[in-house]
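Here are my notes on this structure, point by point. Please read them with the model open.

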Amino acid sequence: MSEATARADALASVERTPGSAKPDPILRVDKIVRQFGGITAVDVEHLEVQRGIITALIGPNGAGKTTFFNLMTGFDQPTSAGKGGAAWNFNGKQLTRTGAAAIARTGMVRTFQLTKALSRMTVLENMMLGASNQPGERLALSLFPPAWRKREAEVHAKALDLLARFKLDTKKDDYAGSLSGGQRKLLEMARALMSDPTMIMLDEPMAGVNPALTQSLLGHIQSLRDDGMTVLFVEHDMHVVRHISEWVVVMAEGRIVAEGPSDTVMSDPAVIDAYLGAHHETDLAELDYDEIESEVAEEEQEREELG
Ligand SMILES: Nc1ncnc2c1ncn2[C@@H]1O[C@H](COP(=O)(O)OP(=O)(O)OP(=O)(O)O)[C@@H](O)[C@H]1O
């Protein structure tokens with residue numbers, strides 16, 4: 001049996017309902033709520049992410065996807081414990097109240113957009129920063145300088161390997177800020193891989209990427225999965241979602257509203273509702289999002305004119 005068939009078989013019996021149980025979940029989330037003032041950004045009752053596959057997290061703007069990523073990776077904290085207590089478990093480890101660095105060391109990492117500070121560093125320096133330190137490593141290394149030099153050489157070699165894999169090796173001494181949009185996305189992904197994650201969370205990996213690089217980025221994401229990594233990614237482009245994800249989770253107004261394989265979930269009425277706020281007999285993949293946006297803008301203007 002091919003690996004792709006095995007992955008599809010593992011999901012065949014999974015219920016297409018929000019929060020459904022998976023045969024081998026690497027991430028399990030319970031009752032996680034995050035509010036900002038009066039806004040409930042995230043209110044996830046239960047979610048399981050299957051190990052070793054590519055799962056897409058989709059949903060309209062403001063659905064809570066980025067906040068959910070931040071909560072999982074310790075860059076934000078849940079507001080309320082909810083009934084029975086907020087909890088999430090990654091690869092057998094309970095992560096509630098665990099800091100971001102400690103969560104990264106468990107093997108769950110997310111990509112970050114290149115900030116201004118990182119743009120002023122070279123591509124290679126960015127990669128070196130991505131290497132995680134094992135607990136106690138800093139102390140051990142500072143007490144024993146030869147070990148530090150050995151570790152630095154290893155990290156350097158690994159950074160060069162990854163840069164070659166992502167075809168960024170010729171750019172290693174360039175400022176990260178000088179890269180094109182697509183190359184930045186490659187660097188963000190390569191940097192996250194420096195810590196040998198078990199699961200990688202990508203926030204809009206294709207945003208701002210030109211069509212030529214899109215294909216290469218998609219290939220990289222698939223090869224991470226083929227190497228045994230679990231991939232969870234947020235994406236607005238439905239063609240990308242259809243192309244590479246084996247499972248799709250849909251968020252709206254902080255909640256998980258639908259789950260299923262990419263070829264069927266987008267025709268789920270709950271998903272269409274989430275995007276359009278009304279029932280439509282439409283296949284989301286066929287929708288023209290620019291047209292929808294301009295229709296929504298027109299409707300808003302009409303409402304404003306009507307007072
Ligand atoms: N730091 C913050 N302070 C106040 N409100 C916030 C903050 N972060 C997020 N929100 C609000 O929480 C809600 C969820 O936002 P979030 O960015 O998680 O959504 P998203 O699904 O990632 O959206 P997009 O697809 O547009 O990136 C939105 O209403 C947003 O305005």
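1. Start with a facing pair: Arg-28 stands opposite Asn-89 in β4. The model is predicted, so treat each point as a reading of a prediction. Strand β1 (residues 25-36) and strand β4 (residues 87-90) run antiparallel, with 4 bridges between them.

2. These strands belong to an open sheet of 4 strands. The order is β2-β1-β4-β5, and the pairing is antiparallel. β2 and β5 (93-94) are the edge strands, each pairing on one side only. Helix α2 packs on this sheet and touches β1, β2 and β4. The direction of α2 makes about 65° with that of β2.

3. Which elements each supply at least two residues of the shell around the ligand? They are β2 (39-50) and α2 (65-72). The largest share, 3 residues, comes from α2.

4. The residues around the ligand include Phe-36, Ile-39 and Ala-41. Also among them are Gly-59, Asn-61, Gly-62, Ala-63 and Gly-64. By class, the shell holds 4 nonpolar, 6 polar and 1 charged.

5. Strand β3 (residues 54-58) runs parallel to strand β8 (residues 230-234), joined by 4 bridges. Thr-55 has Leu-232 as its bridge partner in β8.

Terms used:
Residues are numbered from 1 along each chain as its sequence is written. This is a predicted model: local features need pLDDT of at least 70, side-chain atom pairs count only at pLDDT 80 or more; totals for chains, interfaces and linings use all residues. A residue is near a molecule or strand if its C-beta atom, placed from the backbone, lies within 6 Å of it. Ala, Val, Leu, Ile, Met, Phe, Trp, Tyr, Cys and Pro count as nonpolar, Asp, Glu, Lys and Arg as charged, and the others, Gly among them, as polar. Two strands pair if DSSP finds at least two bridges between them. Two residues are in contact if their C-beta atoms, placed from the backbone, lie within 7 Å. Axes are lines fitted to C-alpha atoms, for helices over the stretch in contact, and angles run from 0 to 180 degrees between N-to-C directions.
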